[in-house]
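Here's a quick tour of a protein model, written for someone who likes to know the cut-offs behind the words. Have the viewer open as you read.

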Amino acid sequence: MQFSLTPFTELRPGIWRAVAQPASVTIGLVVGSTGALVVDAGSSPDQGAEIRAAAAAVAGVPLVGAVVTHAHFDHYYGLAAFDDLTTYGHESLLAALEAPQVAEETAGLGFAPDRLRPPNKPLALARLVDLGDRHVELVHFGRGHTAGDVVVIVPDARVIFTGDLLEQSAPPAMGPDCFLKEWPAALDGILGLVREDTLLVPGHGEPVDRVFAFTQRAEISAVYGQVDYLIGRGVQLEDALAAGDWQFDDETIAAVLPIAYAQLAAEGKVPRTQLRLLPGH
Ligand SMILES: [Zn+2]
């Protein structure tokens, strides 16, 4: 596995971004007058340490903590390097380290799973981080990309780190642990705060604006809506790709369809053969 980190570049005064490999994940840094906060921690404890050193070098004030936007390895597994500071993330991140795939993922990344650390100050809904002349709001707007997405809001700079609730470099990752039906509502929580000059920093790719976020919200919502519609018309999973009107490429849709069908089945929505009621019977 190739690990690397770009230098931090300044997006707005005191708001920095770097990109870590693997997975081209966004690493953020918010600098205030008395402290700085790292946003997402990279894929391994060693990479987390590299991020910490690079962030400390540009911050000019002490690092006070790190926040993880969700449980996926590329955002979360470097958090151990910040464990002597205050570390934040959704409360579901604690149980996420017990998931069966963690051992497999850490083996693939080249370290032992017992080196991982959960956030030492988990949050259920919201928390405020004081950086002196600037404060940062950490908010869980509900389930979406995962069960525990946390958005990092810097109100005075009008910058929001969205984690993977938004992606710019590829279609959003609609994996088996996402919540397709609820995801648009989580994005509505973000969109309610967004002004014309707000900079949205996705978990992967370049910063985006309000129009991009509205569009991606509609595209994600349309996946659930199309599958709901097709199931209502009795279209089976294997026919859905050809039958639907899709906003994403075929590869993305082919991957998400089994997930969407399973999530709708859990709501009691399964495709049934249509019975026609004939007049005269
Ligand atoms: Zn993710």
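How do H5 and H6 lie to each other, roughly parallel or roughly antiparallel? Let's set the ground rules, then get to that pair.

## Ground rules

This is a predicted model, so keep in mind that local features need pLDDT of at least 70, side-chain atom pairs count only at pLDDT 80 or more, and totals for chains, interfaces and linings use all residues. Residue numbers start from 1 along each chain as its sequence is written.

## The helix pair

H5 and H6 are roughly antiparallel to each other; that label goes to angles over 145 degrees, while under 35 counts as roughly parallel, 65 to 115 as roughly perpendicular and the rest as oblique. Helix H5 covers residues 183-191 and helix H6 residues 210-232, and their axes come within 9 Å and cross at roughly 165 degrees. The axes are lines fitted to C-alpha atoms over the stretch in contact, with angles running from 0 to 180 degrees between N-to-C directions.

The crossing of H5 and H6 is left-handed, meaning that the near helix is turned anticlockwise from the far one by less than a right angle (clockwise would be right-handed). On the H5 side, Trp183, Pro184, Leu187, Ile190 and Leu191 meet Ala213, Phe214, Arg217, Ile220 and Ser221 of H6.

## The whole chain

Overall, the protein has eight helices and 13 strands, taken as DSSP runs (H or I, at least four residues, for helices; E, at least two, for strands) and numbered from the N terminus. Its radius of gyration is 20 Å, close to the 19 Å that the globule rule gives for 281 residues, so the protein is as compact as a globular protein of that length. The radius is taken over C-alpha atoms, and the rule is 2.2 Å times the number of residues to the power 0.38.

Buried residues make up 42% of the 281. A residue is buried if 20 or more other C-beta atoms, placed from the backbone, lie within 10 Å of its own, exposed if 12 or fewer, and partly exposed in between. Of the contacts with a separation of 6 or more, 63% link residues 24 or more positions apart.

Strand E4 (residues 25-31) is mostly covered, with seven of its seven residues buried. Side chains in a regular strand alternate between the two faces of the sheet. In E4, Val25, Ile27, Leu29 and Val31 point one way and Thr26, Gly28 and Val30 the other, and all are buried.

E4 pairs antiparallel with strand E3 (residues 15-21) over six bridges; pairing takes at least two DSSP bridges.

## Strand E7 and two other spots

Strand E7 (residues 86-90) has four of its five residues buried, so the rest of the structure largely encloses it. E7 pairs in the parallel sense with strand E6 (residues 63-67) over three bridges, and with strand E8 (residues 121-123), also parallel, over three bridges.

Ala126 sits in strand E9 (residues 126-130) and counts as partly exposed, with 13 C-beta neighbours inside 10 Å. Thr273, in the segment after helix H8 (250-266), has 6 such neighbours and counts as exposed.

How values were computed
Contact = placed C-beta atoms within 7 Å.
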